[in-house]
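Hi,

Here is the structure I promised you. Have a look at it first, and my notes follow below.

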Amino acid sequence: MYVNCFPVYLRSSTQAVHTLTGPDNTRRNTPPEDSIMARKTKAEAEATRESLLDAAESVFMEKGVARASLEEIARTAGVTRGAVYWHFRNKQDILDAMLERVRAPLGEMLDEAATSQDSLTNLKHLCIIALSKLAEDERYFRVYYILFHRNESDQALNKHRELAEEGIAFVTDILRPPENAKKLRPGLSPELAGYLVHTQMLGLFFDWLAKPERLPLAEVAPVLVETVFSGLLGEPEA
C-alpha cells in the first residue's frame with residue numbers, strides 16, 4: 001500500500017511547487033488541496049522511514065547485522081518489504097542512516113570545534129560530550145553498540161575504516177594550525193596526535209560498550225579526556 005501511494009506524492013509535490021500550463025498555454029495555479037496532500041504524504045513517508053530505522057535498531061541489537069533480514073525489519077515496523085526498498089537499498093544503507101541520525105545533532109558542535117579561535121579547547125569539550133552522550137543517550141548507545149559489537153560483515157570493516165579516516169582527518173585538521181601545533185609535545189606531529197586522539201576515543205567507546213557497568217562513563221569523561229590530551233601537549237610556556 002505504501003509503495004503504491006508514493007507516486008501520488010511525487011506528482012503532487014511537483015504540482016505544489018510549480019504552476020501548470022493549460023491547453024490554451026495560459027498558466028494556472030496549483031489547487032491548494034494538492035499541496036496539502038503532498039505535505040501529508042511526505043510526512044507519512046518520513047514517519048515510515050523513522051519507523052524502519054527504529055525497527056532496524058531493535059532487530060540489529062537482537063540478531064546482529066549479518067543475521068538480520070530486511071523482511072524481519074519490515075515485519076517489525078509493520079510495513080511491506082517494498083517499503084524498506086523504497087527508502088533503503090540494503091542493510092548497510094540502513095546502518096548508515098542510523099549513524100547519521102545520531103550524529104546529526106553533533107554537526108554544529110563539530111563545525112564550531114573546527115573553526116573557532118579556541119578550537120583545541122572545543123575539541124576536548126566535544127570528546128567529553130561524545131563520551132557522556134554514549135552513557136546517557138539510549139539511541140546513541142544502541143547504534144554504536146550495533147556498529148562495534150553486533151556487526152560482523154565485510155561492510156562493517158569498511159565502515160570502521162571510513163569512520164577512522166574521517167575522525168583522524170578531523171582531529172588532525174584542528175591540530176595542524178601553528179597556534180595549536182606549537183602546543184603539542186616536542187616531536188609529536190599533528191598527524192600523529194590526531195591518530196592518538198582517535199585511537200584513544202575509539203578504545204573508550206569499544207571497551208565501555210562491551211561492559212557499561214565497568215565505570216560511570218559520563219561522570220569520569222572529563223578526567224579521561226583531560227588525561228588523553230595532557231599526554232599530547234607539552235609544558236605550557238612560562
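Starting with helix 5: Q92, D93, I94, L95, A97, M98, L99, R101 and V102 are buried there (buried is under 20% relative accessible area, exposed over 50%, partly exposed in between, with a 1.4 Å probe and protein chains only). Bear in mind that this is a predicted model, where local features need pLDDT of at least 70, side-chain atom pairs count only at pLDDT 80 or more, and totals for chains, interfaces and linings use all residues. Residues are numbered from 1 along each chain as its sequence is written, and side-chain values use heavy atoms, without hydrogens or water.

Helix 5 covers residues 91-103 (helices are DSSP runs of H or I, at least four residues, numbered from the N terminus). At its start, a side-chain oxygen of N90 comes to within 3.2 Å of the backbone nitrogen of Q92.

Now the largest nonpolar core, which has 50 residues (buried Ala, Val, Leu, Ile, Met, Phe, Trp, Tyr and Cys joined through side-chain atoms within 4.5 Å). F60, I73, I94, M98, Y144, F205 and F229 touch the most other members. Elements giving two or more residues to this core include helix 2 (32-63), helix 5 and helix 12 (217-230).

Beyond its neighbours within four places in sequence, H198 contacts L163, A164 and I168.

Cheers

Conventions
Expected span 1.5 Å × (residues − 1). Polar contact = N/O pair within 3.5 Å; in protein donor to acceptor, adjacent residues only side chain to side chain. Contact = heavy atoms within 4.5 Å.
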